[in-house]
Amino acid sequence: MPITKDSRTQVTISLPNYVVQISQTLLRNNFKAYLVGGALRDTLLNLNPDDYDIATNALPSQIQKTFPQSKEVGAKFGTVIVPVYIPAYKKYANIEITTFRTESDYKDYRHPSKVTFITDITNDLARRDFTINAMAADLSVVKDITPLTDPSKNITLTLPLIDPYNGIEDLSTKTIRAVGNPLERFKEDPLRAFRACRFRAQLEFDIEPKTYNAIPRILDLIKYISKERLQSELVKLLTYANKPSLGIECMRKTGLLKYLIPELLDTVGVEQPIMHKYDVYTHLLKACDNALKKLEVRLAALLHDIAKPFTKTPDGHFYGHDKLSAQMAEKILKRLRFPNKTIKHVVTLIRWHMFYYPNYIEELEHKQPPSKWSDAAVRRFIQRVGLEYIEDLFQLRIADAKAISPKVDPYPEINALHKHIQKVLQQEAALKISDLKINGNDIIQHLNLKPGPVIGEILRYLLERVIEDPALNKKNTLIKLAKEHLQKNPKSTN
Ligand code: ATP
Ligand code: MG
């Protein structure tokens, strides 16, 4: 355990130079500075915090004056973000500076309706959700540190710890415990119940029984939480946790899952007699854990078979589950207000996850003659999925296969298809409409047509032909093909 705590309750931690410099600037302007929240928690756990949170008695306007490059964030009232450029990473790191505050009157369960700025850190810690998130390390004891030339380099400091709820003990016993009365704290803001499950997975801690048992008692308040806040917790669960399944299971057992993705509950106990070792729910959770920590891949893994309960045949098949799962996933993600770009990405992965590329090893095992895809079939595959999604589709496929049974090895198939795709890409054949040696204007001109949907229809037809036979991708040939197509389908001019 890297946590060292002596009798004066001090902690020795290592912080990036740029965080220390920001706190020094606050101190030089006679303000206080404490490292708080997830940044302190993760630093104590020897993890790399995503962002650093500093609490201060400076008011938001004073913070902005002190750091002219800063900006206030609307979502978190009174929080000011200071971007610091880190040459070593070639990017900005954001430090969130928040004025000490109390929060009260969570009338709409979305935001506290009353935020009062205060001058003391202890009362600020009281409003925080869990003991491990309610500690503060006092940066004011660090006077006049000479700036290091590299802002990303770490400085080791021994700092007094303000820890009214004994969060340090809960950190060392890996316990998630509400600050104060759990039921009251969850009633104040029911999102905290989801956060408990998220931290359960992210930190792989256990939830203390009183805190855990309070969750089923606040379920009727969840309807008041905004979908955006729910989404943000789901995103953190899927992108921070090694095993998101720990959080999803926590939500299922406490009743929360019904309010986040109820469709997952329908998959519990749906057996898959062919090939699979697990029921659909267990398979989805395992696939999600196996997947890369990339949001779209994890979402796709979690939802890729979500329609299986509705497509199961008496003989144990799930025909069409890929298409229906894509439709259901779209609905779920829209409901959770995910951006359209994310939805399209996830839905595409789910829609095409059932490809089957016969590979050499399988052919040997089955003693079948080679039945590989033709180059045209590979081009059709790329065109259907979209080149930009193929790597992630493979990642989904690997996560999926590993969750079927330990015996399934996805790599020979993926590697063989990967190679074939590389080969096809090197041929520089057309894969999308913009690769055609003809465009909409050419068609309008040469076929004497008016602009309209028919132009797109002709271009799609030409692409299909060129995907089958790349030699057709010449301007004159395409014009000829377009004319023939139009003659055969005169109705499409209307
Ligand atoms: P991470 O950065 O890993 O998401 P975090 O603990 O920093 O974890 P944030 O959502 O960034 O989580 O919040 C920062 C701090 O603000 C938390 O550590 C906690 O002290 C407090 N906090 C955040 N949300 C709530 C909430 N809904 N109720 C009470 N306190 C909260
Ligand atoms: Mg944080």
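**The shell around ligand 1**

Guide: With five residues, α7 contributes the most to the shell around ligand 1. This is a predicted model, in which local features need pLDDT of at least 70 and side-chain atom pairs count only at pLDDT 80 or more, while totals for chains, interfaces and linings use all residues. Residues are numbered from 1 along each chain as its sequence is written, chains are lettered from A and ligands numbered from 1 in the order in which they are written, and side-chain values use heavy atoms, with hydrogens and water left out.

Visitor: What makes a residue count as near a molecule, and how many residues surround ligand 1?

Guide: One of the heavy atoms of the residue must lie within 4 Å of the molecule. Around ligand 1 there are 17 residues, the closest being Arg-41, Asn-133, Asp-189, Arg-192 and Lys-236.

Visitor: Why is ligand 1 said to lie between domain 1 and domain 2?

Guide: Domain 1 (10–172) and domain 2 (175–260) both give residues to the shell, and therefore ligand 1 lies between them. The domain bounds come from an automatic or database domain assignment, which also gives domain 3 (276–425) and domain 4 (433–493).

Visitor: What makes a pair of atoms a polar contact?

Guide: A polar contact is a pair of N or O atoms within 3.5 Å; within protein, one must be able to donate a hydrogen and the other to accept it, and residues adjacent in sequence count only if both atoms are side-chain atoms. A side-chain N or O atom of Arg-195 is 3.0 Å from an oxygen atom of ligand 1, so this pair meets the limit.

Visitor: Which elements give two or more residues to the shell?

Guide: They are α2 (37–44), α7 (191–204) and α9 (227–240). Helices (H or I, at least four residues) are DSSP runs, numbered from the N terminus.

**The whole protein**

Visitor: What makes a residue count as buried?

Guide: Its relative accessible area must be under 20%, with a 1.4 Å probe and protein chains only. Of the 494 residues of the protein, 52% count as buried.

How values were computed: Buried < 20%, exposed > 50% of the residue type's maximum accessible area, 1.4 Å probe, protein only.
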